[in-house]
Amino acid sequence: MTITVLAMLAAVSFLPVLLTPIPAMVDYPNHLARMYILSQSGTPNANPHYEVAWAFYPNLGMDLLVPQMARLMSVESATRLFLLLSQLLIVGGALLLEWARKGRVHLAGFAALAFLYCLPFSWGFINFEFGLGLALCGIAVYLMLAEGRWPARFAVNAIFVAALYAAHFFSLGIYGATLGLFELWRIRHQGISYRAAAARLGALAIPALVLFAIMHMTAGSIGSEGTSWFLGFKPIWPLRIMSGYSLTVSAMTGLALMISLLFAARRGVLKLEPAGIWLAIGFAVLYLVIPSKLFGTSFVDLRVIPAAALILPAFCSLSLPSRAWRMAALAVISGITLINLAVVLAVWLPYRADYAAIVASFHKIDRGSRVLVGSTGDVGDPPFADLTSYPMFYAPTLAVHYANAFVPNLFTEAGKQPVRAREAVRRLAIPYGGPVPSGLLAAIATGRPPADAPPFVRTWYQDFDYLYLLGPHAPNPLPDLLDDLDASERFVLYKIRRRS
């Protein structure tokens, strides 16, 4: 019964990716645009505004794999296949980890499916998702070899460290933290000597230290946006984690899961084994002390939550006393998974038409143009905003492929992406900026720019050829400057008139 329910949940959980050519994730269209640039580099169709600049960066999972996959299929299909592979790694890695620890699969598959569209994944942190799935597999293999000879354990660890560094830096951190905590528990539990303990921990750390040394010597980097703390969000994220599109659904399903786990633990049917207690405490401390933005990677603390949710089930035991208990447990976890999945489908399926409309609009743009992205309303910032509108924010970046255009907020951050704007347009690039408010654009164009206006838009009406305004429809804010070219429910495309 349990395996049947798990298989059915898995089958429906992969449907959103299979049914949508462009998944409605916040960052996904931006990633897809970059995949087009990488795949077409060096060809007659290469974008004239961007260049490929490889370096010894982490966070290159899809950048390394998708262009190779695109030799066999379209770039759009290859990118979507990479996302599906990432999801399969999350589910398969969680199952493998539980099997390595317990010799059977019991809880991990349900946990993986419940978190498959959690907030970090539904926002489109695809390299992290791929890397985390790879980390789960690496942890599982390491645990299989934990009692064996050290050369095999060292070799496997070195291989996974290298792969995880390339895939995503924070997934490497999760892998290292998990195995470090496990080794500390093992050392204490088995009374291993200090010399042997130092040898085990040293062998675990050496491959990562070697990679960091190489990165330093080759002028590689991890990111360029620095480190920031947003401590006020830490109490909020646990209730915001389950859904990336609805605060109500996220809070409802998150509370249902927490209450169910607490009830099972108090009744003694759910227990953490000693190693699991070490890991749970370690993840809790890590979540509390780690910055929200670390080395340019945003929402780092948020990512600890799904990592813990995918790893800890392998260190739990669940002993349900009767069929009624089993049916109740399956009903709760299935309900949480299906409610979140219903929200995903309700957002993703309508976006098929929205993305098709904006792709059609690209054909009205002259090839090689510069395209600015603005917004007609202030939708706020996460975790409080309605994120159902966010999947459109980076959709205009696809103009870099369909119109060979320059779009300033394409992801081109040094240390994270191997694509950068060419010198002629680099001053206009904002690798992680969102749409510019239309009120700010109007103020600049009418000669009333605020003192804190970003440099890249201070002369936007001269630097750009077209403007997308995203969000609720509003009258043309500058009829003397902007000509309507196209519109749909979520955007309006304007051509900018050149001033004499």
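Helices α5 and α8 are roughly parallel to each other in this predicted model, because the angle between them is about 25 degrees and angles under 35 degrees count as roughly parallel. The domain assignment of the protein gives two parts, domain 1 (54-319) and domain 2 (352-496). The centres of domain 1 and domain 2, taken over C-alpha atoms, are separated by 34 Å.

**Helix α8 and its partners**

- Two packed helices are described by the angle between their axes and the distance between the axes.
- Helix α5 covers residues 75-102, and helix α8 covers residues 126-144.
- The axes of α5 and α8 are 8 Å apart, and α5 passes α8 in a left-handed crossing.
- By class, the residues in the contact of α5 with α8 are 20 nonpolar, 5 polar and 2 charged.
- Helix α4, residues 61-69, also packs with α8, at an angle of about 95 degrees and with the axes 9 Å apart.
- Angles of 65 to 115 degrees count as roughly perpendicular, and α4 and α8 are therefore roughly perpendicular to each other.
- On the α4 side, the contact is made by Gly61, Met62, Asp63 and Leu65, while α8 brings Ile126, Asn127 and Phe130.
- The contact of α4 with α8 divides into 4 nonpolar, 2 polar and 1 charged residues.

**Helices α9 and α10**

- Helix α9 (residues 150-167) packs with helix α10 (residues 169-190) at about 150 degrees, and their axes lie 7 Å apart.
- Angles over 145 degrees count as roughly antiparallel, so α9 and α10 are roughly antiparallel to each other.
- From α9, the residues that meet α10 are Asn157, Phe160, Val161, Leu164 and Tyr165.
- Their counterparts in α10 are Phe169, Ser171, Leu172 and Tyr175.
- The contact of α9 with α10 has 7 nonpolar and 2 polar residues, and no charged ones.

**The sheet**

- Five strands form an open sheet in the order β6-β4-β7-β9-β8, and the pairing is mixed.
- The edges are β6 (436-437) and β8 (482-487), each of which pairs on one side only.
- Strand β7 (residues 466-470) pairs with strand β9 (residues 491-496) in the antiparallel sense, over 5 bridges.
- Tyr466 has Lys495 of β9 opposite to it.
- On the β8 side, the pairing with β9 is antiparallel and runs over 5 bridges.
- Asp486 has Leu493 as its bridge partner in β9.
- The strands β8 and β9 make a hairpin, with 3 residues between them.
- In a regular strand the side chains alternate between the two faces of the sheet.
- Helix α16 (residues 323-362) lies across β7, β8 and β9, and runs at about 15 degrees to β9.

- Most residues other than glycine have a negative phi.
- Phe299 has a positive phi, near 55 degrees, and is a residue other than glycine.
- Phe299 is placed in the loop between α14 (274-289) and α15 (300-311).
- Asn404 has a positive phi as well, near 50 degrees, and is also a residue other than glycine.
- Asn404 is placed in the loop between α17 (399-402) and β5 (419-421).

Key
Residues are numbered from 1 along each chain as its sequence is written. This is a predicted model: local features need pLDDT of at least 70, side-chain atom pairs count only at pLDDT 80 or more; totals for chains, interfaces and linings use all residues. Side-chain values use heavy atoms; hydrogens and water are left out. Axes are lines fitted to C-alpha atoms, for helices over the stretch in contact, and angles run from 0 to 180 degrees between N-to-C directions. Helices (H or I, at least four residues) and strands (E, at least two) are DSSP runs, numbered from the N terminus. Contact means heavy atoms within 4.5 Å. Ala, Val, Leu, Ile, Met, Phe, Trp, Tyr, Cys and Pro count as nonpolar, Asp, Glu, Lys and Arg as charged, and the others, Gly among them, as polar. Domain bounds come from an automatic or database domain assignment. A crossing is left-handed if the near helix is turned anticlockwise from the far one by less than a right angle, and right-handed if clockwise. Two strands pair if DSSP finds at least two bridges between them.
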